[in-house]
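The exercises below go with the structure shown here, and each task is followed by a solution worked in steps.

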Amino acid sequence: MSGVPAVDEKLKVYNQLQTDIQNMFVKKQQVLSQFNENTLVKGELDLLEEEATVYKLVGPVLLSVELDESKQNVNKRLEFIETELKKTDSLIAAKQKELNDLGDEIAEMQQKLQMEAAQAARQVAGV
């Protein structure tokens, strides 16, 4: 049965793909958390009046920042995060397709091995 090592190799790849997908979902969750946090900040900045003073924490120091500048920075961060989410989603979709294709291939290989084993057993039994 020369196909068993091939199936084992495919199963290793399959398991690695599952691990990769899980890691991508963890990354996506982290990015979603950042997105939600920045969306809240954007909402708070939108509530402020134009003459309001905004402070940015830089290390141990609070620096005064223009409201428009703060809004632009948050909007740019949101755009970047949205791009990162789309990229992560497309990577997950590609890996899941690869996983499904590999799963189908493994199932076919296992089915073929079972047929070969049954045929060999019949030959041994003399049927």
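**Exercise 1: Val7**

Val7 is located in helix α1 of this predicted model. Determine whether Val7 is buried or exposed, and find which residues Val7 is in contact with, leaving aside its neighbours within four places in sequence.

Solution. The relative accessibility of Val7 is 5%, and since buried means under 20% relative accessible area, Val7 counts as buried. Once neighbours within four places in sequence are left aside, the contacts of Val7 are Ile106, Met109, Gln110 and Leu113. Phe80, by comparison, is 73 residues from Val7 in sequence, and the C-alpha atoms of the two are 41 Å apart in space.

**Exercise 2: The nonpolar cores**

State which residues make up the largest nonpolar core, and then work out which elements give two or more residues to this core.

Solution. The largest nonpolar core has seven residues in all, namely Val7, Leu17, Ile21, Leu99, Leu102, Ile106 and Leu113. The elements that give two or more residues to this core are α1 (3-47) and α2 (67-125), and α2 gives the most, with four residues. Apart from this core lies another, of five residues, including Val54, Leu67, Val74 and Leu78.

Notes: Residues numbered from 1 in each chain as written. Predicted model: local features only at pLDDT ≥ 70, side-chain atom pairs only at ≥ 80, totals over all residues. Heavy atoms only, no water. Core = buried A, V, L, I, M, F, W, Y, C linked by side-chain atoms within 4.5 Å. Buried < 20%, exposed > 50% of the residue type's maximum accessible area, 1.4 Å probe, protein only. Contact = heavy atoms within 4.5 Å.
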